Amino acid sequence: MASAAEQLASNLNFSTFAKAEDLKKRLWFTLAALLVYRLGTHIPLPGLNPEAYAAAFQGQSGGILGLFNMFAGGAVERMAIFALGIMPYISASIIVQLMTSVVPTLEQLKKEGEQGRKIINQYTRYGTVLLGALQAYGIAVGLESGQGIVADPGWFFRISTVLTLLGGTMFLMWLGEQITSRGIGNGISLIIFAGIAAGLPAAVAQTLELGRTGALSTLLILTVIVVAIAVIALIVFVERAQRRLLIQYPKRQVGNRMFQGDTSHLPLKLNTAGVIPAIFASSLLLLPATAAGFSGNSQLPGWATTVIAALQHGHPVYMLLYGALIAFFAFFYTAIVFNPKDTADNLKKHGGFIPGIRPGDRTAEYIDYVLTRITTVGAVYLVFVCVLPEILIARTGIPLALGGTSLLIVVSVTLDTVAQVQGHLIAQQYEGLIKKSKLRGGKRGR
């Protein structure tokens, strides 16, 4: 089966794509949904003084607000209705997934298949509403604390801001689900991708402008370009890298005929967690800054001000925590999405085994042994790709959109999207082969 799929994939061409009507509909739907998202990032929040807010944002764009703005696709810079972005949903997903490993009821729901997954997704939506409301209220209070930003401060502004920003987040969550089901998949990832990719041209232009004015040397800009190309090449190589475990199936007899045992491979990705650790780590590090908006930075106690300052982008404490959280979530998310015990049980159920390893618990232990070691390599790779360029950006003042996290998300989501499109094309070819075989069978019957 795997060889047949690989052969079909190698035969894909433009004519195959031209015949894939369902795929074209999914692509157009995805593009239309992302266009709606981009339009929403330009609809401003009512009740603000644009000039005062622009001046306040300019002074904080290199810190936490810059990170918010990068993930929100520029909506924070314009304080648009999508300024919260999809981050409350990401944060709620982190909390719910952590609880599934601790709360027995949620752990049982996770094992109940599709029905349990629907209930867990519903809990995630409730968590999104709660976190989104808290973050939106924090933003409203933070805006009121700014000098001349809000035209008419008060509870009406706070309530309207919470409803507007929370509504924008819930709409984006729904839009991501629609892209997943009716588009080409990876809805939430594509929304984050669209936001980051939209800021890349402006980041490149800003970097070139800094070079033209002499703020950055030509050698430094060339170094950044070389580092970016090297990071992209590393991302492509590692994201496609696999550790294949040989699976052997015994000989079987059907009637009087003896069939030779088949062999296949169990592919284990070097980076099973994908871009999730970087997104989760960034999301968690943004929470303290959001919480600080409840009372305004001027009213915070001394220790809280110190913590917020230490979590500013480019600070050594921020970099250390960022790398540690990425490594933690690399292992944590891999443990959630891949269960060696279930994989070993499925192999045993279908008669498959790893040569030299006893089926059952020993197979699960061996898979876990291999997975732990390749995940260690994947975690080191993620920390290197995300943290090293961020250090370079913090030292030079290059825009955040050219950082390692943004490049990781853009390249990884692009690879996943290409794989999704290729999967639809392969399915299209399979359907064509099945129809041809039925037609030939019908002609022979006549």
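Helices H10 (residues 155-182) and H11 (residues 187-213) pack at an angle of about 115°, and their axes lie 7 Å apart. Helices here are DSSP runs of H or I with at least four residues, strands are runs of E with at least two, and both are numbered from the N terminus. Axes are lines fitted to C-alpha atoms, for helices over the stretch in contact, and angles run from 0 to 180 degrees between N-to-C directions. The crossing of H10 and H11 is right-handed. A crossing is right-handed if the near helix is turned clockwise from the far one by less than a right angle, and left-handed if anticlockwise. H10 contributes Leu172, Met173, Leu175, Gly176, Ile179 and Thr180 to the contact. H11 contributes Gly187, Ile188, Leu190 and Ile191. Contact means heavy atoms within 4.5 Å. By class, seven of these residues are nonpolar, three are polar and none is charged. Ala, Val, Leu, Ile, Met, Phe, Trp, Tyr, Cys and Pro count as nonpolar, Asp, Glu, Lys and Arg as charged, and the others, Gly among them, as polar.

The model is predicted; local features require pLDDT of at least 70 and side-chain atom pairs pLDDT 80 or more, while totals for chains, interfaces and linings use all residues. Residues are numbered from 1 along each chain as its sequence is written, and side-chain values use heavy atoms, without hydrogens or water.

Asn186 sits in the loop between H10 and H11. Its phi is positive, about 55°, although Asn186 is not a glycine. Most residues other than glycine have a negative phi. Asn186 is partly exposed, because its relative accessible area is 27%. Buried means under 20% relative accessible area, exposed over 50%, and partly exposed in between (1.4 Å probe, protein chains only). Met79 also has a positive phi, near 45°. Met79 lies in the loop between helix H6 (75-78) and helix H7 (87-100). At 5% relative accessibility, Met79 is buried.

The chain holds 18 helices and four strands. Of its 446 residues, 43% are buried. Among contacts with a separation of 6 or more, 75% join residues 24 or more positions apart.

The largest nonpolar core has 97 residues. Such a core is a set of buried Ala, Val, Leu, Ile, Met, Phe, Trp, Tyr and Cys residues joined through side-chain atoms within 4.5 Å. Ile90, Leu143, Ile192 and Leu408 have the most contacts inside this core. Helix H17 (residues 361-396) supplies its largest share, ten residues. Apart from this core lies another, of five residues, including Leu216, Val224, Ile393 and Ile398.

Leu408 is in contact with Ile235, Glu239, Val275, Ala278, Tyr381, Leu382, Val385 and Cys386, leaving aside neighbours within four places in sequence. Ser412 lies in helix H18 (residues 404-445). Ser412 counts as buried because its relative accessibility is 4%. With neighbours within four places again left aside, Ser412 is in contact with Ile235, Glu239 and Val275.

Ile235 and Glu239 are among the buried residues of H12, together with Ile221, Val224, Val231 and Val238. Helix H12 (residues 218-240) has 23 residues. H12 reaches 33 Å from its first C-alpha to its last, close to the 33 Å expected at 1.5 Å a residue. The expected span is 1.5 Å times one less than the number of residues.

Gly138 is found in helix H9 (residues 114-145). At 3% relative accessibility, Gly138 is buried. Gly138 and Arg158 are 20 residues apart in sequence and 9.2 Å apart in space, C-alpha to C-alpha.
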